[in-house]
Structures are given as C-alpha cells and as structure tokens.
Amino acid sequence: MKKRNTLYRIPTLLLMVGITLFSACKKEYEIAPTPYTEITSFKIPYNAGKDTIVAAVDGENIYVSWPGSTEWPIPETVIPIINISKNASISPASGTEIALIDGLQYQVKAQDGTVKTYTIKLSNGSLLPSFQDEETQMTAIVGQSNFVIRMNNLALDGSDNLYLVNDQNKSYKLILNTFTSFYVDQQDGSGIPAGDYYAQVINKFVIPVKSSKKFVTVVADQSLPYVYFSHTKEWLVKRGEIIDIPTRHLSKASDIRLVNLNYTEAGATNSLSLNFVGISDDLKSIKVQIPEDAPIGLTSDLNNGISIRVRLDRFFTQSTPYYNYPIKIVE
C-alpha cells in the first residue's frame, strides 16, 4: 500500500512545480508602460517645403530661430513636423498647423501617464526690405536697364519684385535684371506711363513694403531701346551673317552707337563688337553683322549676352535681360 501511495504523489508534485514555473515565466515577460516624454526632433518646413528650420530642444524649451533674411519673414502659421519618444503622444500633434508665437506650449504624454510641457522660445531675425532714401527724387526712363533703388534687406536669391505705384494704387511690375537692379518696363514691354510714383517691393511670400511718399518720376516722351530675346533654342549664326536681334522701344531716331556680344573665356568677361547695320522697318529689331573673323564656337553669356550703347541726352549701356538660350558662332 505504501508503494502505491508514493506513485500517486510524484505526478502531483510535478504538476505543482509546473504551475509554479509557468506563473514565474508569465510574470517575467509582463511589459511596464514606458515613462519617456522626449521630443527628439522639431522641424518647421517653409518656403513651400523647399527649406526647413531645425529647432534646438533643450530641457523644457524648443528654441526656434527664424532666419535673418527678408526672403523668409515669419508667416502667421506653420506646420511643425515632430518626432517624440516611442509610445508617447504629443499635443498639438505633429503636422498640426499652429500660430508660431513665443511662449506656445506643447505637451508630451508618456505611455505611463507622465506629462512633460515644452515651451517655444522664438527669436525673430527676419527683416523686411526698407528704402534707404525717400527724400531724393529719382528719374526713370522707360526701357532703362540697371535701374536701382537703394534698399536694405533685399532677398539675395532675386525673388523680390519691384513695382511703381501711382495715386490710384495701380501698380506696374518692373523687369528684374539682377537681384538689385531692374528694367523700367512692364513684362510685356508696354512701357510705363509718365508720372510720379511710389516704390513698392513684394517678396515671394506676397508681403508688400511701400514707400511713404512718391519719389520716382518716369519722364515723358523718352525711352531707351534694349535687346529682349525670345528664341527657344540655341541660336546658331555664321561669320559674316546679318541677323535681326529683337529690340524693344526702338524709334527711327534711336541713336545706337555700339552692339557687343558678351562672353566668358578662361573665367574672364570679354566682348565681341558686332557691326551695327540699322533698325528694322517695323521698329522691332536691330540688324547687326557677325564679323568675318569672329571666333568659331564663341557662345554668348546667358546673362547680358548682348549689350547696346545708346545716346539720348547722354550715353547709356543697355544690357540684356536673362534668357535661356545663347547665341553661338559657327563656320
């Protein structure tokens, strides 16, 4: 009888040990809620997503330094992209549009319920353009190239647009030459009426800065011709060939003294003098002849590829607005 009792006890003991071990294993793999509340990155896309500001997160502060340049003034709202600790949540959520102001707060809540509050510290380095001198009256001639109004904080990428604005608030957008100079003409070459004007700059975020007084005068009954290209591929010309170069604001009285094809060689700017033949009958182009001994393969610069020297009451060198395709001399 004793032996029979012993045999029954062994399986019972094994079952009890198994249950104990199973319980111990189950407890070992239980995962506690995470306590992490960190912001690991805080980025603000701007300029239509072409650029990004990366904020510095230190302690409970998010330091946002807006760029110190007029092409990036602080907009009213932004959409930050935020990365946080695993299993945590943030309010406002990443991708939510916010008003970017100093003191705005974010809260990060960990999985275990712990909450950490972050505060935006905003420094504004952005500067809008401003006019250096509105007291000195400026004279502008229709068609004049390299027209410059002295200003502070113009965008270095040439994205600012300059307008002349009359008393009726009608604006005339000038043609960009370089990021600081313009042609006194509208985009379609239709000119600008004579009169006194305010100056206004509008940046790529459509933020206008207008002068407090009219200080630009467009003179009457005067205009300066300038070359304006419209060809859509590389223009191949031959030695000795006479070509018609599109030119705006020509008249029979236009006094053109010199026509140059400008090019770059070994890093230096050079020019080839073209033979001025005359003005077309329809007043839409000038006729020039390529020299017989012009270098084969010479290619005009894209910026200021052709310049003309014109006499009005004095001499003006009129450059060419940027165009996409050069003139190339072939045999």
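Mentor: Start with Ser-91, whose bridge partner in β9 is Gln-107. This is a predicted model, in which local features need pLDDT of at least 70 and side-chain atom pairs count only at pLDDT 80 or more, while totals for chains, interfaces and linings use all residues. Residues are numbered from 1 along each chain as its sequence is written, and side-chain values use heavy atoms, with hydrogens and water left out.

Trainee: What makes β7 and β9 a pair of strands?

Mentor: Strands are DSSP runs of E with at least two residues, numbered from the N terminus. Two strands pair if DSSP finds at least two bridges between them. Strand β7 (residues 89-91) and β9 have 3 bridges, in the antiparallel sense, so they meet the rule of at least two.

Trainee: Which strand pairs with β9 over 5 bridges?

Mentor: That is strand β10 (residues 115-124), again in the antiparallel sense. Lys-109 has Val-115 of β10 as its bridge partner. The hairpin of β9 and β10 has 5 residues between the strands, and Gly-113 takes a positive phi near 100° there. Strand β9 (residues 105-109) also has a covered face, Tyr-106 and Val-108, and an uncovered one made of Gln-105, Gln-107 and Lys-109.

Trainee: Why are β21 and β28 said to stand at the edges?

Mentor: An open sheet is formed by 7 strands in the order β21-β23-β26-β25-β24-β27-β28, with antiparallel pairing. β21 (226-227) and β28 (315-318) each have a single partner strand, so one side of each is left without a neighbour in the sheet. Within this sheet order, strand β23 (residues 242-248) and strand β26 (residues 285-289) pair over 5 bridges. Ile-245 stands opposite Ile-286 in β26.

Trainee: Why is Thr-247 called buried?

Mentor: Buried means under 20% relative accessible area, exposed means over 50%, and partly exposed lies in between (1.4 Å probe, protein chains only). Thr-247 has 4%, so the label is buried. Thr-247 is found in strand β23.

Trainee: Which residues does Thr-247 touch?

Mentor: A contact means heavy atoms within 4.5 Å. Leaving out residues up to four places away in sequence, the residues touched by Thr-247 include Pro-225, Tyr-226, Leu-283 and Ile-286. Its side chain also reaches the backbone oxygen of Ile-245 at 2.9 Å. A polar contact is a pair of N or O atoms within 3.5 Å; within protein, one must be able to donate a hydrogen and the other to accept it, and residues adjacent in sequence count only if both atoms are side-chain atoms.

Trainee: How many salt bridges does the rule give?

Mentor: The count comes to 7. Among them is the one between Asp-167 and Lys-214, at 2.8 Å from N to O. Asp-167 lies in the loop between β14 (161-165) and β15 (171-173) and Lys-214 in the loop between β19 and β20, so this pair joins parts 47 residues apart in sequence. Asp-255 and Arg-257 also form a salt bridge.

Trainee: What makes the aromatic pair of Tyr-46 and Trp-66 tilted?

Mentor: Rings of Phe, Tyr and Trp (its six-membered ring) pair if their centres lie within 6.5 Å; planes under 30 degrees apart count as stacked, over 60 as edge-to-face and the rest as tilted. Tyr-46 and Trp-66 are 5.5 Å apart centre to centre, with 50° between the planes, so the pair is tilted. Tyr-46 is buried at 10%, and Trp-66 is buried at 3%. Phe-229 and Trp-235, with 75° between the planes and 6.1 Å centre to centre, are edge-to-face.

Notes. A salt bridge is a side-chain nitrogen of Lys or Arg within 4 Å of a carboxyl oxygen of Asp or Glu. Helices (H or I, at least four residues) and strands (E, at least two) are DSSP runs, numbered from the N terminus.
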